[in-house]
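Visitor: I have some questions about the words used for this model. Could you show it to me and take them one by one?

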Amino acid sequence: MEVTVKKNIFEKKGLPVGIWTKCMKCDNILLQKDFEENFMVCPGCGYYARLGARERIEFIVDKRSFKEINAHISSVNFLDFPEYSNKIEKSGINDAVVTGEAKVGGYSVVIAVMDFGFMGGSMGSVVGEKIVRAIERALKKKYHVIIVSASGGARMQEGIISLMQMGKTSAALAKLADRRLAFISILTDPTTGGVAASYAMLGDINISEPKALIGFAGPRVIEQTIRQQLPEGFQFSEFLEKHGMIDIVVERKNMKDILIKILKFFYDR
Ligand SMILES: [Zn+2]
């Protein structure tokens, strides 16, 4: 399993990598195995390490049930944006979302999971296209859809094409709603910009992890625009739940059980 927390300090000190890890927040040294068993949440301070798409899938879906779809679509530097081609090549993964079919508690779903590790989970043409194709697969198979978001927003290197993905993904979700198939949206830290302003907030049920940053623009920009001080906890999941933007904040260790309950409700009705 790929680890998203710092491990360089162990390499520097000549300690074996992969056995120990360090919490990004409280600097606690943890056994990698314990950390993974605790769903990559620090037992000391409760910090949620950011997960890559594959790790997230492993935590949510039934073992060996995930079948990836459209894995090989990758971005093209159509605006000749400086350094963009290099960034895509260097990352080693195709883009900021992994999509596929899977089972959760025995219920078939189409699932799309974003990866903040790929260019800040930014949404460009590939993310939009893969999400839409995933939704189309769900329409064809009459499956409900789960999308796990983690994104800094639209991908500037693809200009207006990135912004277009907001409308494109929202339109696909409208078709899903017409067919009375559910969309369960899981918002993780951070879900911002064009992703928050499109599909991430369009769930029939919007779930988030604790203390996740969720919003469109950053707090400083908002404060400068409205010339008011923002309330405490603004743009974090608990605040959004209290104000009706998020339906439920769920701890990572309970996420799968909650999803099974929701899927049971939608499939067995
Ligand atoms: Zn910690």
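This is a predicted model: local features need pLDDT of at least 70, side-chain atom pairs count only at pLDDT 80 or more; totals for chains, interfaces and linings use all residues.

Visitor: Which atoms coordinate the zinc ion?

Guide: Both of those cysteines take part: the SG atoms of C23, C26, C42 and C45 coordinate the zinc ion at 2.3 Å. Donors have to lie within 2.8 Å of the metal, so these four SG atoms qualify at 2.3 Å. Along the sequence, the spacing of the donor residues is C-x2-C-x15-C-x2-C.

Visitor: Why is the arrangement around the zinc ion called tetrahedral?

Guide: The angles subtended by the four donor atoms run from 108 to 112°. Four donors count as tetrahedral if all angles lie between 85 and 135 degrees, so this arrangement is tetrahedral. For four tetrahedral donors, the ideal angle is 109.5 degrees.

Visitor: Turning to the second largest pocket, how do you know that both domains contribute to its lining?

Guide: Domain 1 (1–49) and domain 2 (51–267) each give at least three residues to that lining. The pocket, with a volume of about 300 Å³, is lined by 23 residues, and Y47, Y48, D189, P210 and K211 lie nearest its centre.

Visitor: What kinds of residues make up the lining of the second largest pocket?

Guide: The lining has 13 nonpolar, three polar and seven charged residues.

Notes:
Residues are numbered from 1 along each chain as its sequence is written. Side-chain values use heavy atoms; hydrogens and water are left out. On a 1 Å grid over the protein atoms alone, a cavity is a set of points where a 1.4 Å probe fits but cannot get out, and a pocket is an open set with protein on both sides within 12 Å along at least five of seven lines; lining residues have an atom within 4 Å of a point. Grid points are joined across faces, edges and corners, and a volume is the space filled by probe spheres set on the points. Ala, Val, Leu, Ile, Met, Phe, Trp, Tyr, Cys and Pro count as nonpolar, Asp, Glu, Lys and Arg as charged, and the others, Gly among them, as polar. Domain bounds come from an automatic or database domain assignment. Donors are N, O and S atoms within 2.8 Å of the metal (3.2 Å for Na, K and Ca); water is not among the atoms, so sites may look incomplete. Four donors count as tetrahedral if all angles lie between 85 and 135 degrees; four count as square planar and six as octahedral if opposite donors are over 155 degrees apart and all others between 65 and 115; anything else is irregular.
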